[in-house]
Structures are given as structure tokens and as C-alpha cells.
Amino acid sequence: MHDVIDTRFGSIRIAHPSGTFAPSPATRVMVKAITDPARALRGQGLDWGCGTGALAIAAALSADVSHVVGLDISEDDILVARRNARDSGVASKTAFYLADSYSPLDPEGQRAVDEIRSGVWFITANPPASEGDDGFTFRHRVLAGATDFLVPGGMLLMQALSAYGPERMSRLLDAYPHFLYDGVVASTPFVPLDLEQEPTLLRQLQDYVVEEERGGPPYQFHDPQGVAIIPAAEAMARYRTHGIPPMARWEVHQLRWVPTLAAPADRAAGDRPG
């Protein structure tokens, strides 16, 4: 099995055998952001949770990008990512290693990651939703570890579903005050979440209902017309009663690491989500 993803540098063919990560709408909108001329990616990059390699490969197609390291917890995904990079002609500009978050699980990967510490111009991340909490844990891990790698002013491009809402994103930024928030730089239209075909999405929605019951910020799903904003509890009730899936957008958020940035209370209003 494979998917073809169009970029401004040409099409890339991403194989994803059974049991490996298949490119999703979130993958495609991330590729769009990565290859947008406005990003002007350059130098060394790091792809957190690289899956089968689509984001690292798309970035490596740019002549201004010298090297991209991809990290993932799935050994099968890493093996396929290496093959995909060879097939796309960027094997010499990419390297993929088995890792838990930013920590490689073998000596070769550890050496490679140590070599790029404090020298990375951009990080890409398409994290899955974490389970058993508000879904944001992996995004906290992305930001917490990014500062060990980014150069001052370095860019982080991270996917997050619009349903998380601006309050949750704002809380994330408050926890890491030295990131300047540039906003949403790429987005899909509102799309229905296929809870029937994707049981993981249904489990996540159940987690979000529990999170609201615990007093967390309400999630912001949309009705089928993409007009009314509804919390996770109502989205679940509509699905259970009428089979109507909630809608949301896959969004790419851009942040820059600025070590001298002031505390959140001193930031301009334009630097906050929403």
C-alpha cells in the first residue's frame, strides 16, 4: 500500500505496509505547511514521531535543507521510512532512528541526535492524541524537549486538532513561555471524524468527555454544518443517538523558540491563540 502526496517540489510516494503509519489528512496538511515558500526551511531539521517518513522526506526535498533526522517509537515505521526516503531520492539527506520521544534507543541513533543538539533550525511534529488524559500530553513532550535542539529563533511546526480549542493551546504555551506563537499556518476544511472506522478516535472522544467532567476546558467540535460549536459531551451524545460524527479541522501551529522572550503576561495579545 502507498499514498502519493503532492508538494511544490514534486510528488512523493509513501509506502505504508500493514501495521505501519498511513498518511492521514493531518500528514497532508503538515506537508503543505512544510513546503510552503513562507516557511523557507533550511539547515538541519528533526521530525518528532516521523512514522513512515512523509514529513522528513518533504522537508529534505528543499535544496536549502541540509539534513533531517526522524525519530519514532515503531521499528517497523522506521524501516519503511528509510525505504521511502531512498525511493524519493533523499536517503543521503535523511536518517531515521528508533526512539522514545527525543531519546534514541540505540547507540547509533544517540550519537546522531547528540550531534544535532542546539543546531536544529526546524522541528516538525504530527503527534497522536495521548490516551487517558486531555489528549495533549505528547504535545507537551514535543515542546519540553525542543529547546535542547533548536537554535535561537528556530521553528516548530506542530499539528493539533482544532477541537482542542484555543484555551488548551494557550495553556500549553504558558507552560513553555520562551516560545513565540505565530498562529495556525495551514488547515484542512472542517471534516467529519470517522468514529466508526477509526476506533482510536472514538476512544479519544470518550477521554475528552471525561476530561470535561473533570473540569477541563470544553472541547470545540462542530456540528455537520460547521457552524455551531459543541463540547465533547454533546458530540458524543449526537453520535450515540443519531450516528452523527463530530467535525473538526486538522491545523498546523507555528512556534519559534526565543530564549529571551518575556513571560506570558508581558506578551502582546497577538502572540496568543484565538
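In which strand is T94 found? T94 is found in strand β5, and the views below begin with this residue. The structure is a predicted model, in which local features need pLDDT of at least 70 and side-chain atom pairs count only at pLDDT 80 or more, while totals for chains, interfaces and linings use all residues. Residues are numbered from 1 along each chain as its sequence is written, and side-chain values use heavy atoms, with hydrogens and water left out.

View 1. Helices (H or I, at least four residues) and strands (E, at least two) are DSSP runs, numbered from the N terminus. With a relative accessible area of 9%, T94 is buried (buried means under 20% relative accessible area, exposed over 50%, partly exposed in between, with a 1.4 Å probe and protein chains only). A polar atom of the T94 side chain lies 2.9 Å from the backbone oxygen of V90. Apart from neighbours within four places in sequence, T94 is in contact with A56, A60, H67, V68 and A85, where contact means heavy atoms within 4.5 Å.

**View 2. K93 in the loop between α3 (75–87) and β5.** The side chain of K93 reaches two backbone oxygens: that of A60 at 2.8 Å and that of V65 at 2.7 Å. Such a polar contact is a pair of N or O atoms within 3.5 Å; within protein, one must be able to donate a hydrogen and the other to accept it, and residues adjacent in sequence count only if both atoms are side-chain atoms. K93 and A60 are 33 residues apart in sequence, yet 6.2 Å apart in space, C-alpha to C-alpha. Not counting residues up to four places away in sequence, K93 touches A60, S62, A63, V65, S66, H67 and V68.

View 3. At the N-terminal end, D106 caps α4, with a side-chain oxygen 3.1 Å from the backbone nitrogen of E108.

**View 4. Positive phi at S118, A40 and S101.** Most residues other than glycine have a negative phi. S118, which follows α4, has a positive phi near 65 degrees. A40 is not a glycine, but its phi is positive, about 50 degrees; A40 is found in the loop between α1 (25–34) and β3 and, at 46% relative accessibility, counts as partly exposed. S101, likewise not a glycine, has a positive phi of about 60 degrees. S101 is placed in the loop between β5 and β6 and counts as buried at 17% relative accessibility.

**View 5. Crossing of helix α7 (residues 199–213) and helix α8 (residues 232–242).** The two axes come within 8 Å and cross at roughly 135 degrees. Axes are lines fitted to C-alpha atoms, for helices over the stretch in contact, and angles run from 0 to 180 degrees between N-to-C directions. That angle makes α7 oblique to α8 (under 35 degrees counts as roughly parallel, over 145 as roughly antiparallel, 65 to 115 as roughly perpendicular and the rest as oblique). L202, L205, Q206, Y208, V209 and E212 in α7 meet A232, A233, A235, M236, Y239 and R240 in α8.
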